[in-house]
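Hi,

Here is the structure I promised to pass on to you. Have a look at it first, and then read my notes below.

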Amino acid sequence: MREMGRRSEAAEHPFRAVPADEVGQRVGKAEIAEASKLTWATLWGQPTILIERAGQRDVVTAACSVALELGLRPGMAAAHARALVTDLEVRDAEPDADSAWLDRLALHALGHWTPTASVSGADGLWLDLTGTTHLFGGEERFCRRLHRFLARLGFTASIAVAATPGAAHAMARYSGEAVTLLASGTETQAIANLPLQALRLDPEALASAARFGLERISDLYPMPRGPLARRLGLTTVRRLDQARGMIAEPIVPVVAFEAPHVERRLLEPIGTAEAINQVIGDLVEDLVFRLQERGAGLRTAILSCLIVDGTEQRVTIGTARATRDAGHLRRMLAMRIEKIDPGLGIEAMTLTAPRLEELKAQTLEAGLETEGRSRDIAPLVDQLAGRIDPDAPFRLSSHESDVPERAVRRIGSLMTPVGWPGWKRPVRMLTRPEILSHVVALLPDHPPRRFTWRRTDYRIVAGDGPERIHGEWWRNAREMWAVRDYFRVEAAGGERFWIFRRGDGVDAPTGDLSWYMHGMFG
């Protein structure tokens, strides 16, 4: 594989030495792995080409490294190749399989490397790496990882990273280097000595350039634009400017899936809540029909309203569970109408579901009575989220940790919490323990007699403890000897608190003997 892009990369031709159905033999037990190595060595030791029917003759579409060293090139007639090399392995090309591989790699790149990826020609990928390479340790380290990944799949690759797609394309295919990293602004100098084929010119333009004695890209630099366009065409001028960064060359990314999309264009602009609700109802009905055809339910929906003055208003809703209940979706969108400013009037409305999940029929229990069956709270959660904040409804669940503030985690509102510990814990815990002042306590194992918290003095009439909790030493060195002694205490006014002392009261490394408030009992 090869390929390129705006700070992009490149991979060389996806030539495979064995058919796709034989690749699975490369993994398995030791005996299978050794046999696979021998097979690969035999194939690569013999010159191998792929051919495809073009009109009345067979044409070479790809050649292995051994065949390339013997002078065989893509585009050569198969009969000519057989005449030059007698011991030649000839196989039929599979362009559909190659295209499927490129599509799979583009989708893989979309989910693992970059949000913008596209297929480039029959043997390459565009990957826009803008703002993503720092996640992999930089451009050089990312290129090495990409090389190893493609090698595991059985591909050879050359990669070029440049500020323009044209320069990356040219360096990846014609520089001869496995990895090329171009600094921004050096594209003109870097591609100067490359052949004109590196600019992706038409065959007619290349033939015209050959008649005028133009062989390298640098030959085009001193030529005036007018004569250059007349002799080689406007496409040549545009490709040259794109490679040098003088004009933009956008990359059209692949889309993982086509999001369901419905639209209503209105004869007259609308601006009242009743009219907007009516159109929303029609959009929801159309969207639900499309979701039924896919067997899916939406988790996110985006309502876009195009205003007469050209601006756009957007409203987004999310659901706790995949759904295609039209009534529920209408209610959720109706709660967000107040956020739409119709301005001079809305002339078009669209509803899109960018996030879907599979939603199939569920088997009901044998009994038809519904009295003992728990009710579905997903619609309630959705309505609460619509009125407050989408991330506000949540549940608490225990987490495996001895430190109290780490023993609780937020989970989704519809998820089932795991079991809680058997020892007593306060119903309300502070986000951060708050220090106590004017503490009077008998060390080392007694609760305090009095303390001050939030400018209020408390006198303790009963207490229980200590419950000793050690720090998690595997996290950092400061918790190696850390100790907390927790006490449940009751004040004279009836308040019940959960407090702790740092240190065991004997050894200084375990803590400084300061006291903290950590929670309140109901």
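Two parts count as in contact when heavy atoms lie within 4.5 Å. Helices (H or I, at least four residues) and strands (E, at least two) are DSSP runs, numbered from the N terminus. This is a predicted model, in which local features need pLDDT of at least 70, side-chain atom pairs count only at pLDDT 80 or more, and totals for chains, interfaces and linings use all residues. Residues are numbered from 1 along each chain as its sequence is written, and side-chain values use heavy atoms, with hydrogens and water left out.

Let's start with helix α5. Phe-142, Cys-143, Leu-146, Phe-149 and Leu-150 are buried in α5, where buried means under 20% relative accessible area, exposed over 50%, and partly exposed in between (1.4 Å probe, protein chains only). Seen down the axis of α5, these buried residues fall within an arc of 125°, so they line one face of the helix. The arc is taken from the directions from the helix axis to the C-beta atoms. Among the elements that cover the buried residues are α4 (95-112), β7 (158-161) and β8 (179-181). Just after α5, Gly-154 has a positive phi of about 95°.

Now for the aromatic rings. Rings of Phe, Tyr and Trp (its six-membered ring) pair if their centres lie within 6.5 Å; planes under 30 degrees apart count as stacked, over 60 as edge-to-face and the rest as tilted. By this rule there are 13 aromatic pairs. In one of them, Phe-451 and Tyr-458 are tilted, at 5.6 Å centre to centre with 35° between the planes. Tyr-486 and Phe-500 also make a tilted pair, because their centres are 4.9 Å apart and their planes are at 40°. Tyr-486 belongs to strand β19 (residues 483-491) and Phe-500 to strand β20 (residues 496-502), so this pair ties together parts 14 residues apart in sequence. Both Tyr-486 and Phe-500 are buried. Ring pairs also link Trp-113, Phe-136, Phe-142 and Phe-149 into a cluster.

Which residue has the charged end of Arg-244 over its ring? That is Tyr-221, with the charged end 4.5 Å from the ring centre. A charge sits over a ring if NZ of Lys or CZ of Arg is within 6 Å of the ring centre and within 35 degrees of the ring normal.

Happy exploring!
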